[in-house]
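Thanks for coming, everyone. I'd like to walk you through one model today, so please have a look at the screen.

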Amino acid sequence: GDAELLCVDGHEPLLHHLCKNINIRTDWAVKQIIWRQDHVRLISERGEEIIAKKVVCTPSVAIMKHLTFCPRLSQRHEQIYQSIRMEPCMKISVKFHTQFYPF
């Protein structure tokens, strides 16, 4: 519907509830993804290993170019992600104390 939802404590409690049975790893640099019919193995840059039934991996394009996939991705997919350029960028957030825009 058109109802609005306000997360008074932010989105973190909602995410924790939705992901309570999911093993989420951050700051865990994946080096190799080995896919098999019944499981996926992830090997980190430190040689650590995770075996799971399913994996969601969200690397940036720059990181994607350094991952090893087994079996290899199709030539078409490799060409696509190798052709994407990622220029250096900077994100700036600014907070103004007074509203000067007409919203």
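Let's begin with E49, which is partly exposed at 44% relative accessibility; on this scale buried means under 20% relative accessible area, exposed means over 50%, and partly exposed is in between, using a 1.4 Å probe and protein chains only. E49 forms a salt bridge with R41, and their closest N and O atoms are 3.2 Å apart. By salt bridge I mean a side-chain nitrogen of Lys or Arg within 4 Å of a carboxyl oxygen of Asp or Glu. R41 is partly exposed too, with a relative accessible area of 27%.

A quick word on what you are seeing: this is a predicted model, where local features need pLDDT of at least 70 and side-chain atom pairs count only at pLDDT 80 or more, while totals for chains, interfaces and linings use all residues. Residues are numbered from 1 along each chain as its sequence is written, and side-chain values use heavy atoms, with hydrogens and water left out.

How many salt bridges does a search of the whole structure find? The search gives 3. Is E78 buried or exposed? E78 is buried, with a relative accessible area of 19%, whereas R72 is exposed at 65%.

Now to the inside. The largest nonpolar core has 10 residues: W28, V30, I33, V40, L42, I50, M64, L67, F69 and Y81. Such a core is a set of buried Ala, Val, Leu, Ile, Met, Phe, Trp, Tyr and Cys residues joined through side-chain atoms within 4.5 Å. Strand 1, residues 30-35, and strand 2, residues 40-44, each supply at least two residues of this core. For the elements, helices (H or I, at least four residues) and strands (E, at least two) are DSSP runs numbered from the N terminus. In soluble globular proteins, nonpolar side chains tend to be buried together.

Take L67 as one of the core members. Leaving out residues up to four places away in sequence, L67 touches V30, K31, I33 and P59, where contact means heavy atoms within 4.5 Å.

Staying with strand 1, let's look at Q32, which sits in that strand and is partly exposed at 25% relative accessibility. With the sequence neighbours up to four places away set aside, Q32 touches R41, L42, I43, T68 and C70. The C-alpha atoms of Q32 and E45 are separated by 8.3 Å, and these residues are 13 apart along the chain.

On to some backbone details. Which two residues does a cis peptide bond join? That bond joins C70 and P71, with omega at about 0°. P71 lies in the loop between strand 4 (68-70) and helix 3 (75-83). D27 has a positive phi, near 55°, and is a residue other than glycine. You'll find D27 in the loop between helix 1 (12-18) and strand 1, and D27 is exposed, with a relative accessible area of 77%. For context, most residues other than glycine have a negative phi, and most peptide bonds are trans.

Finally, let's go to the segment after helix 3, where K91 is placed. K91 is exposed, at 79% relative accessibility. From K91 to P102 is 11 residues in sequence and 24 Å in space, C-alpha to C-alpha.

That's my tour, and I'm happy to take questions.
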